[in-house]
Amino acid sequence: MMNIIIVGGTQGLGRAIAEIYLDQGHDVCVCGRDVSKLNTWEYRHAENLSSYSLDINNQEQLLGLFDHYKNRSVDLLINCAGIYINNRAQNLSESDTLELLNTNVLALNQLMSLTAKKMLAQKMGHIVALSSVAALIHYPDASLYSATKRSVLNLCDTYRTALSSYGIAVTSVVPGYINTHQLRFLNSGDASGKLFIVEEDYAASLIVKKIAQGKQQVIFPKRMHFLMILLGLIPDKVLTFFLKPKKNQ
Ligand SMILES: NC(=O)c1ccc[n+]([C@@H]2O[C@H](COP(=O)([O-])OP(=O)(O)OC[C@H]3O[C@@H](n4cnc5c(N)ncnc54)[C@H](OP(=O)(O)O)[C@@H]3O)[C@@H](O)[C@H]2O)c1
């Protein structure tokens, strides 16, 4: 039985992953800024579920989480906390820019650093972070979101190199579109038209399976991965022309 922390587990993919681990009997601590979202969750009375209210950008709250675990191991930490703001069609405000950078990159680095410290002391553990297929292609007009998700891949590579000889694994998860509440919200309630979209439960089961197999990177769905490889072969200028946001985007 593992002690598992899921940061960004109050809704969406993180919550779907939590459900699988709860069903498997592991102790799962779900974290997010608003843990009251769990009040209507069917798993809310599960004995192996706990929650911890934190904003990943708040260092004191992150330290508080690890203090909460000072007498227990953290076997697996999964970070699903991440935000999406589209800036290909219009410039981001200063505050949106900082929020994206802080949440998706700087706070993740802080979380990974604190987790690494804890796992080095216990000499084992597994860290998982959510990137996106948007990270796999780079061209001049790409969004800040995709750049932050490239940073997630780089952070995972760096921590893996640093920690693997101490028995600590690091996995980056690189999904295409997942039919979460947030994706539907961003698409006026219906994300079904998104290319190669997969259901939340499918994505969660695949991620749990690949974590158990100790994979360093999990890219899915395969069709989206293949498309990204093809797009990566196209010169920047041509890619910029074809991926230019439409006027109403
Ligand atoms: N859905 C997709 O199509 C897709 C595709 C590729 C990658 N991803 C990535 O997968 C991850 C999960 O996506 P999702 O669709 O499940 O997103 P979501 O529904 O928006 O869930 C994000 C989770 O992160 C938490 N969170 C956000 N900001 C936080 C903060 N500052 N501190 C602590 N927790 C915070 C939210 O809870 P609170 O509001 O309670 O804080 C929520 O539990 C994200 O990193 C996303 O970029 C998603």
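Reader: What share of the 249 residues counts as buried?

Author: Of the 249 residues of the protein, 34% are buried. A residue is called buried if 20 or more other C-beta atoms lie within 10 Å of its own, exposed if 12 or fewer do, and partly exposed in between, with C-beta atoms placed from the backbone. Please note that this is a predicted model, in which local features need pLDDT of at least 70 and side-chain atom pairs count only at pLDDT 80 or more, while totals for chains, interfaces and linings use all residues. Residues are numbered from 1 along each chain as its sequence is written.

Reader: How does the radius of gyration agree with that of a compact globule?

Author: A compact globule with 249 residues would have a radius of gyration near 18 Å, and the protein has 18 Å, which agrees. That radius is taken over C-alpha atoms, and the globule rule is 2.2 Å times the number of residues to the power 0.38. Along the principal axes, the C-alpha atoms fill a box of roughly 55 × 40 × 35 Å.

Reader: And how many helices and strands are there?

Author: There are eight helices and nine strands. These are DSSP runs numbered from the N terminus, with helices being H or I of at least four residues and strands E of at least two.

Reader: At what angle do α3 and α4 pack?

Author: Helix α3 (residues 94–122) and helix α4 (residues 144–163) pack at about 10°, with axes 10 Å apart. Axes are lines fitted to C-alpha atoms, for helices over the stretch in contact, and angles run from 0 to 180 degrees between N-to-C directions. The two helices are therefore roughly parallel to each other; angles under 35 degrees count as roughly parallel, over 145 as roughly antiparallel, 65 to 115 as roughly perpendicular and the rest as oblique.

Reader: Which residues make that contact?

Author: Among them are L100, L101 and L108 of α3, and V152, L155 and Y159 of α4. Residues are in contact if their C-beta atoms, placed from the backbone, lie within 7 Å. By class, the contact of α3 with α4 has 12 nonpolar, five polar and one charged residues. Here Ala, Val, Leu, Ile, Met, Phe, Trp, Tyr, Cys and Pro count as nonpolar, Asp, Glu, Lys and Arg as charged, and the others, Gly among them, as polar.

Reader: What about α2 and α3: how do their axes cross?

Author: The axes of α2 (residues 59–68) and α3 come within 11 Å and cross at roughly 25°, so α2 is roughly parallel to α3. Residues Q59, L62 and F66 in α2 meet Q110, L111, L114 and K118 in α3. That contact of α2 with α3 has four nonpolar, two polar and one charged residues.

Reader: A change of topic: which peptide bond is cis?

Author: The bond from F220 to P221 is cis, with omega near -10°. P221 sits in the loop between β9 (217–220) and α7 (222–232). Most residues other than glycine have a negative phi, and most peptide bonds are trans.

Reader: Where does K123 lie, and is it buried or exposed?

Author: K123 is in the loop between α3 and β5 (125–130). Although K123 is not a glycine, its phi is positive, about 65°. K123 is exposed, with 10 other C-beta atoms within 10 Å.

Reader: What is the phi of S188?

Author: The phi of S188 is near 55°, a positive value in a residue other than glycine. S188 lies in the loop between α5 (181–186) and β8 (198–199). With 7 C-beta neighbours inside 10 Å, S188 counts as exposed.

Definitions and conventions. Contact = placed C-beta atoms within 7 Å.
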